[in-house]
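Me: Could you take a close look at one part of this model for me, the salt bridges and what surrounds them? I'd like one connected walk-through that I can follow with the structure open beside me.

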Amino acid sequence: MNPYLFTLLTETSGTAAPSGTDPVRLIIEYVIYAAIIVVGILILLLLRRKTRLPRHGELRGKLAAFSEDLESFRKETESGSFTRLKFMKAMSKLVYRADRFIYVTDRMADKERDGEIGSVSVLLGQARTELAAYKFGTRGMQDSDGIGAAQAKVTESVSLFDRILARDAQLKAESTKK
């Protein structure tokens, strides 16, 4: 290490700190610290809210809405009301929603160690594969069979989620009996 830098770092200043501190300055510092803590807590609460997994009923409703959106998209595609650009934009949005559902159901299956929710994730992955064929151009706009197959997979995942909800209700009833 450079001897000049070492002496500069170890040198103490000739002025000593005042023995008493100003109470107003001390109060201001504590208010600033409290404000920083409150802002940090608010950020943590927002992060928790944003990353919270949905409840089973909420997810079932979102999957049902996704299935209805796929059905209406298929009907619009068959009628030929989409331009190529609008079709690609809508398909990208549908693939993104499918990816999001796969991610959420996979996290739920890992967290709850539930194989049936994992099966829902697999079904949604198959539906995403059907939709991705349109996004990457291997299927044309006029061929709506893949959209119908994806919609059938999503409908099957909704019915599987209905069974999961029935199972949850049965387990809840059994736990309240005891």
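Reply: Happy to! A residue is called buried here when its relative accessible area is under 20%, exposed when that area is over 50%, and partly exposed in between. Please keep in mind that this is a predicted model.

Let's begin with the overall layout. The chain contains 6 helices and 0 strands, so its elements, read from the N terminus, go α-α-α-α-α-α. The chain has 178 residues, and 27% of them count as buried. Its accessible surface is about 12,500 Å², with 60% of that belonging to carbon and sulfur atoms. Among contacts with a separation of 6 or more, 73% are between residues 24 or more positions apart.

Now to the charged pairs. Side chains of opposite charge can pair when their charged atoms come close. The cut-off that matters is 4 Å, between a side-chain nitrogen of Lys or Arg and a carboxyl oxygen of Asp or Glu. By that rule the chain has 12 salt bridges.

The part to zoom in on is helix α3, which spans residues 56-79. Here E71, R74, K75 and E78 are linked in a network of salt bridges. One of its pairs joins K75 to E71, with 3.9 Å from N to O, a value that still falls within the 4 Å cut-off. Because K75 and E71 are 4 residues apart in helix α3, about one helical turn separates them. Another pair joins E78 to R74, at 2.9 Å from N to O. The spacing of E78 and R74 is again 4 residues in helix α3, so about one helical turn lies between them.

R74 has 19% relative accessibility, so R74 counts as buried. E78, at 48%, counts as partly exposed.

Q151 sits in helix α6, residues 145-177, and touches S67, L70 and E71, leaving aside residues up to four places away in sequence. Is Q151 itself buried or exposed? Its relative accessible area is 16%, which is under the 20% limit, so Q151 is buried.

For a further salt bridge, look at R55 and E58, whose side chains meet at 3.5 Å from N to O. R55 is exposed because its relative accessibility is 55%, whereas E58, with a relative accessible area of 32%, is partly exposed.

Finally, helix α3 takes part in the largest pocket. Along with α2 (23-51) and α4 (84-112), α3 supplies at least two residues of the lining. The largest share, 6 residues, comes from α4. The space in this pocket is about 410 Å³. Its lining has 15 residues, and R52, P54, K62, R100 and V104 lie nearest the centre. By type, the lining divides into 8 charged, 6 nonpolar and 1 polar.

Methods:
Residues numbered from 1 in each chain as written. Predicted model: local features only at pLDDT ≥ 70, side-chain atom pairs only at ≥ 80, totals over all residues. Heavy atoms only, no water. 1 Å grid on protein atoms, 1.4 Å probe; cavity = no way out; pocket = protein on both sides within 12 Å on 5 of 7 lines; lining within 4 Å. Points joined across faces, edges and corners; volume = space filled by probe spheres on them. Nonpolar A, V, L, I, M, F, W, Y, C, P; charged D, E, K, R; others polar. Buried < 20%, exposed > 50% of the residue type's maximum accessible area, 1.4 Å probe, protein only. Contact = heavy atoms within 4.5 Å. Areas by Shrake-Rupley, 256 points an atom, 1.4 Å probe, with all protein chains shown as cover.
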